[in-house]
Amino acid sequence: MKKFTLKKGAASNLQDKTAIQKHREWRGPQDTAYDYLQWCRLWGILIKWAASHPVQNVKAVWRYRWMFSYLTVPSFFDRLCEGQRGAGLRGARNNLNYLASDVTKTLTTIFSADMHLHPGSRKAEELNKKIICVDELLPNLLGKGFPDCKMILFQEYPMYLPSLINQHSPVHYIEQSELYGLPADVCPLPSFEAGLAIEDDFPKIGCCMLTSNMPCDGSIMTTMLQERRIDLPSQVLNVPLRWKEDEVQEYAVGEITSAIEFLEKHTGQKFDWDAFTKGCEIWNKQNECKFEKWDMNRTDIPPHTGSSAWLYRIFEHQAVAGEPLALKNDLKVNRILHKQVAAGKCPKTIRHRAVLWNTPCNNYANFNNWLLNCWGIESVCEMIDIHGTDLIDTSSRESMLRGLADHYQTSTMRAHTKGGSEVMLDSLWEKYEEYNADMIIMFDQISCKGVGAINGLFEEGAMKRGIPMVRVRQDLMDPTSITRREMRGDVNVFMQSVMNEEPVDPSLVDFDDDQSW
Amino acid sequence: MKDLKHIHYYEKLLEQTANELILKEKEAGGVAVGYTCYYVPEVLLNCGNAFSVRLRAPNTGSLDISQYYMSSFICGYTRALFERAFEGGMNFLDFYASSDTCQQMVRVVENIRELELINNPRFGWGIIDAPLKISPHGNKLYTEQVRDHLLKPLAENYGVDVSDEAIRAAVREHNEICKIFEEISEMRKEDNPRITPREFHILCLVSYSCPNAQILPYLRETLEDLRTREADADKRWRARVVVVGSELDDYDFDEIMENARCYVAADRYCFGSIPGRQQIPLTDDEPALDQVCRYYLETNQCPRFMSHEKIQQRRDLVRDLVRDYKADGIVIEQAKFCDFWGYERTLNTQVMQEEYGIPTLGIDREYVVRGSGQLATRMQAFVESLELKKIRKGGAE
Amino acid sequence: MKALKIILGAVTGLFALTVVIYWFNLDTKAVKLIEKPMMNHYDNMPRDNRL
């Protein structure tokens, strides 16, 4: 490792090991004031949530280990906004605060119905009759057709979000899974879910559940383990893998129709096509907002990139597709972004335009911020951001079902990793050209068997095209396996040895944040 | 016991991916169709002049090339197949019938395709999607996928007869092989069985990896030999088990079991006889293709099937095998890095033990089992525990 | 008028407090302080652990 003369850089503001900021970031008077106001807004959301059901919420924090992670959300949002200025900061803060607002509302619903917190409560039982649980990687747009019910992504709140917020949150649960015999090589996502089931740390909610094979083999298997504790009437919604083929679409639609029948039976509600149509129309508009963002990112002054962008996309696609408030937020953010692009401003140092491919690392959610702040690498395009891009034809019920089937098949962690290896490979080279990129950052998620099995094809493809590509090893959400520091190390070695560059901020090249959330 | 007829010939055949019977059948105009998984209906790959070859990579040594292309956390079976293809050991293949039902296995054919590893101008491939629960629309999908991605290319590109009559003829031939196995399988229920686990596994493997037409005469003779074979007077088995699990094509596994004096009474693993070596019933009132596809879905024991009824079916089948084959316990084996069987093993080792009351051992193993001291030790310990249990039970009675 | 002064004083005080908390990251540091006792609590809770 080369040694650099350490000027006072961003890392000097971080506490050793915990990487807690000694003081919040100075972004210039205007941006700092804006950041402060958004921080106040966030705390307003959190206080409102806490005050709405104080006893219930304290009980929840006391009962569930994963709830502690939510107490660290302000710090998490700070990390996702590290180094951001102008429209990037504004877009990020608005998206994140909307996310906080929706998540707190859902947590209220969850805890109000949770029989662990309200054993024997008739009120909770009544609430549960209107709660439909779905596998968290199954987008809940279908729930728009049951407007009197709440469709909840079951593992999203105890598992997926905490894994992003606090890198240590999965560790205990993965240990439990492995204590019970689960091999250590399986992907941490299903392993974390299995650990939650083993510890009985899922909220006890819902009247029925839709499980699925999303996104992969590991998730199929963990479902069987989880169902033993969840103990709800359940049905599998099988999402086809060869989604590029027309031949599987009839089956895909058949599965959705069957799922609707199942939900009607267990909720006592009839599927509301008008409400569902409205939800699809709103989702289409949300998608159009996303297309605008991608258009702007193709310019020389990409305004909306980085961690909060892909995180928001995942959440929007999975949890708030068809939500009017989500659309309102999107329109507002797009106005902010357009303004900056129109003004020709770019308040950041960009040395490289990178395409980031494969699933990013949950236990280093703000990796994009580090890439930009340390090495000037701007994440102009991310694979995880590109899913569910087809608009739903709302002209008929059949076309909407077909659109929803497509929405599922091209969902988070599905759109590229399934459908054939050519989907993931060809799309990478296309995006590289489309976004005028000059390098690729390939996430090498070591326990992802589906993508790991074509590692060599990516290497050879990049070599053949003369594209600089750095492979960053990670283990999705297990920080004990590969640390953030090791991930940074992979990039550092590449940037120094292959690209022969010096960092934008030398203080960020190497620092200890093992105890950081 | 005296050596089983043709056993050494079978061992010789199993030393090569492209054995002499395959090459002989190809010379006679046969179309070699490789496959790896029960999701691909074996019997349909034997229509007309096509013949199925369930792919193995015997005598696998280092996996350096596959490690580069596929990473080291991929199951040994898929890496071994890839390595073998890279080395040129699969140039005999005319068609690779795969299924997108295991994300690791499907990548083998995708890597082969991208890297153009099969030096055969006729080489083609087909990949099917398959449901993971039984339903009418799922059966329809499966049948259409098999027809469109496997049978249609075989017919159009290789001139293979995939008509209803050809399918029925393939089923008849398949059933003849299965009948042999059903009879031999019954012998495993004997108190002092006249066939060893290793021998049975070898018979299974040759039936999967050699053309039916070529291997059938040999199997018939082996069966004749078995009918009159006498087991050794001294009963050497200390315990009987049902082995359940993932892909297992290394019969050294059975040697390890035999060295521990543990009899594999029934084999419920991929490349085993259950399922796979039971006769397929056909009626005349429905297209054979539909019946065959439905049969394969209903009898499929892959843990990928996630509906409640299939989960229950897998457990009940194992319970029934323990009963029917008079086993003392269950060994659930998992190929390292197999996601499906990693979870199934974890769960069912406990479920079968605690809910079904059957002593169960869960193990994981490499693709190549030979020389695994750890496996041998664990088997020894399990056999001893089964013996003790029998003694205690006998004492109590 | 007096009420207005009180309100203005309170708002100014709140503003100053929030600015101090914000700038010195006191909210994050406070949560960090309770992390260890909370983890101890979770580790020692009675659990019904099973497959």
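**Helix packing, core and chain contacts in a predicted model**

A:W375 lies in helix α15 (residues 367–375) of chain A, where helices (H or I, at least four residues) are DSSP runs numbered from the N terminus. The structure is a predicted model, in which local features need pLDDT of at least 70, side-chain atom pairs count only at pLDDT 80 or more, and totals for chains, interfaces and linings use all residues. Residues are numbered from 1 along each chain as its sequence is written, while chains are lettered from A and ligands numbered from 1 in the order in which they are written.

A:W375 counts as buried because 26 C-beta neighbours lie inside 10 Å; the term asks for 20 or more other C-beta atoms within 10 Å, with C-beta atoms placed from the backbone. Leaving aside neighbours within four places in sequence, A:W375 is in contact (C-beta atoms within 7 Å) with A:V491, A:M495, A:P503 and A:V504. The C-alpha atoms of A:W375 and A:I350 are separated by 8.5 Å, and the two residues stand 25 residues apart along the chain.

Helix α9 (residues 188–198) of chain A is mostly covered, with 11 of its 11 residues buried. The buried residues of α9(A) include A:F192, A:E193 and A:I198. Their cover includes α7 (156–165), α8 (169–179) and α10 of chain A. Just after α9(A), A:D200 takes a positive phi of about 55°.

Attention now turns to helix pairs. Two packed helices are described by the angle between their axes and the distance between the axes. Here axes are lines fitted to C-alpha atoms, for helices over the stretch in contact, and angles run from 0 to 180 degrees between N-to-C directions. Helix α5 (residues 86–113) and helix α14 (residues 324–343), both of chain A, have axes that come within 9 Å and cross at roughly 175°. That makes α5(A) roughly antiparallel to α14(A), a term for angles over 145 degrees. Among the residues that meet are A:R90, A:N94 and A:Y98 in α5(A) and A:K332, A:V333 and A:Q340 in α14(A). By class, this contact of α5(A) with α14(A) holds six nonpolar, six polar and three charged residues; Ala, Val, Leu, Ile, Met, Phe, Trp, Tyr, Cys and Pro count as nonpolar, Asp, Glu, Lys and Arg as charged, and the others, Gly among them, as polar.

The axes of α5(A) and helix α13 (residues 307–318) of chain A come within 10 Å and cross at roughly 35°. A:A92, A:N95, A:L96 and A:L99 of α5(A) make the contact with A:S308, A:Y312 and A:F315 of α13(A). Five nonpolar, two polar and no charged residues take part in the contact of α5(A) with α13(A).

What of the nonpolar core? In soluble globular proteins, nonpolar side chains tend to be buried together. A core here is a set of buried Ala, Val, Leu, Ile, Met, Phe, Trp, Tyr and Cys residues joined through C-beta atoms within 7 Å. The largest nonpolar core has 283 residues, of which A:V355 and B:V242 touch the most other members. The largest share of this core, 11 residues, comes from α5(A). Not counting residues up to four places away in sequence, B:V242 touches B:A265, B:R268 and B:Y325, among others.

Between chains, 38 residues from chain A and 41 residues from chain B form a contact. On the side of chain A that touches chain B, α10(A) gives the most, with eight residues.

Terms used
Helices (H or I, at least four residues) and strands (E, at least two) are DSSP runs, numbered from the N terminus. Angles under 35 degrees count as roughly parallel, over 145 as roughly antiparallel, 65 to 115 as roughly perpendicular and the rest as oblique. Two residues are in contact if their C-beta atoms, placed from the backbone, lie within 7 Å. A residue is buried if 20 or more other C-beta atoms lie within 10 Å of its own, exposed if 12 or fewer, and partly exposed in between; C-beta atoms are placed from the backbone.
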